Amino acid sequence: MKTKKIKILMGILMIALLSTGCIGVDASFRGMRDYVLSTTETQFEKEFEFSFGTVSIGMAEIALDFADTEEPIDEILSEIDNVQVGIYKNNSGKKNKSNLTEMNFLTDKMENAGWDCIVKSFDKEDMSAVFIKMHDDELNQLFVIALNNDEIVLVEVLGNLHKVIEIAIREKGLDFAMGK
């Protein structure tokens, strides 16, 4: 009888995790992944993909309640709805020839899908871009694409990102440390 209750509890937990986006990435992210991977001349293979949904983020907030920090991390996390990450490794042995044409092609595709490019960086080895989507004049989606010879990293963040920025400015002002 006790074993049956444990199995039922585990089943409910798995359903809860799967239905809140806590394990796999969603179809939209997979579509963007497939598109980005198809634009490169090099063969990349999935190293891992994961998604943090509201349940995972809520558990992180609870864990942070015990952390000794003055940073408003729990307040920031309360504004995040979902984070999806994919890392893809170059297993072909060939160098990925990142080029400006490829970056412009990706940027055009993202902009045609309703994304605005706010940052683009390109050099011989690496290229990256940060895209945002607004809804009712509020920032609610962020997508990062970073490519180099060894890997491609994709990150999507959904939530009240305008509030995350407000919190950061409130806490740090506009005195952000900039790397050189």
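I began with Arg-33, which is buried at a relative accessible area of 13%, where buried means under 20% relative accessible area, exposed over 50% and partly exposed in between, with a 1.4 Å probe and protein chains only. I note that this is a predicted model, in which local features need pLDDT of at least 70 and side-chain atom pairs count only at pLDDT 80 or more, while totals for chains, interfaces and linings use all residues. Residues are numbered from 1 along each chain as its sequence is written, and side-chain values use heavy atoms, with hydrogens and water left out.

**Entry 1: the surroundings of Arg-33**

I placed Arg-33 in helix H2; helices (H or I, at least four residues) and strands (E, at least two) are DSSP runs, numbered from the N terminus. Which residues does Arg-33 touch, not counting residues up to four places away in sequence? I found Glu-49, Tyr-88 and Leu-154, with contact taken as heavy atoms within 4.5 Å.

I then looked up the charged partners, counting a salt bridge when a side-chain nitrogen of Lys or Arg is within 4 Å of a carboxyl oxygen of Asp or Glu. Side chains of opposite charge can pair when their charged atoms come close. The side chains of Glu-49 and Arg-33 form such a bridge at 2.7 Å, N to O. Because Glu-49 lies in strand S1 (residues 44–52) and Arg-33 in helix H2, the pair ties together parts that are 16 residues apart in sequence. Glu-49 is itself buried, with a relative accessible area of 18%.

Arg-33 also meets Asp-34 in a salt bridge of 2.8 Å, N to O, and Asp-34 counts as partly exposed at 42% relative accessibility. I traced a network of salt bridges that links Arg-33, Asp-34, Lys-46 and Glu-49.

How many salt bridges does the structure hold? I noted seven, one of them between Glu-171 and Arg-170, where the closest N and O atoms are 3.1 Å apart. Glu-171 is partly exposed at 38% relative accessibility, and Arg-170 is partly exposed at 47%.

**Entry 2: Gln-84**

Next I looked up Gln-84, which is found in strand S2 (residues 80–90) and counts as buried at 1% relative accessibility. For polar contacts I took pairs of N or O atoms within 3.5 Å; within protein, one must be able to donate a hydrogen and the other to accept it, and residues adjacent in sequence count only if both atoms are side-chain atoms. The side chain of Gln-84 makes such a contact with the side chain of Glu-156 at 2.8 Å, and a polar atom of the Gln-84 side chain lies 2.7 Å from the backbone nitrogen of Asp-26. Leaving aside neighbours within four places in sequence, Gln-84 is in contact with residues including Val-25, Phe-29, Phe-50, Ser-51 and Leu-154.

**Entry 3: the nonpolar cores**

I treated a nonpolar core as a set of buried Ala, Val, Leu, Ile, Met, Phe, Trp, Tyr and Cys residues joined through side-chain atoms within 4.5 Å. The largest core has 19 residues, of which Val-36, Phe-131, Phe-143, Ile-145, Ile-152 and Leu-154 touch the most other members. Two or more residues come from each of H2, H5, S4, S5 and strand S6 (151–159), and H2 gives the largest share, four residues. Apart from this core lies another, of 11 residues, among them Ile-80, Val-83, Val-85 and Ile-132.

For helix spans I used an expected value of 1.5 Å times one less than the number of residues. The 13 residues of H5 (residues 100–112) should span 18 Å, and the end C-alpha atoms are 18 Å apart, which agrees. Which residues of H5 are buried? I listed Glu-102, Met-103, Leu-106, Thr-107 and Met-110. They cover an arc of only 135 degrees around the axis, which puts them on the same side of H5, the arc being that of the directions from the helix axis to the C-beta atoms. On the other side of H5, Thr-101 and Asn-112 are exposed. The cover over the buried residues of H5 includes helix H2 (27–39), strand S3 (116–122), strand S4 (127–135) and strand S5 (138–147). Gly-114 follows H5 with a positive phi, near 95 degrees.

In helix H6 (residues 161–172), I found Leu-161, His-162, Val-164 and Ile-167 buried. The buried residues of H6 pack against helix H4 (73–77), S2, S5 and S6, and just after H6, Gly-173 takes a positive phi of about 65 degrees.
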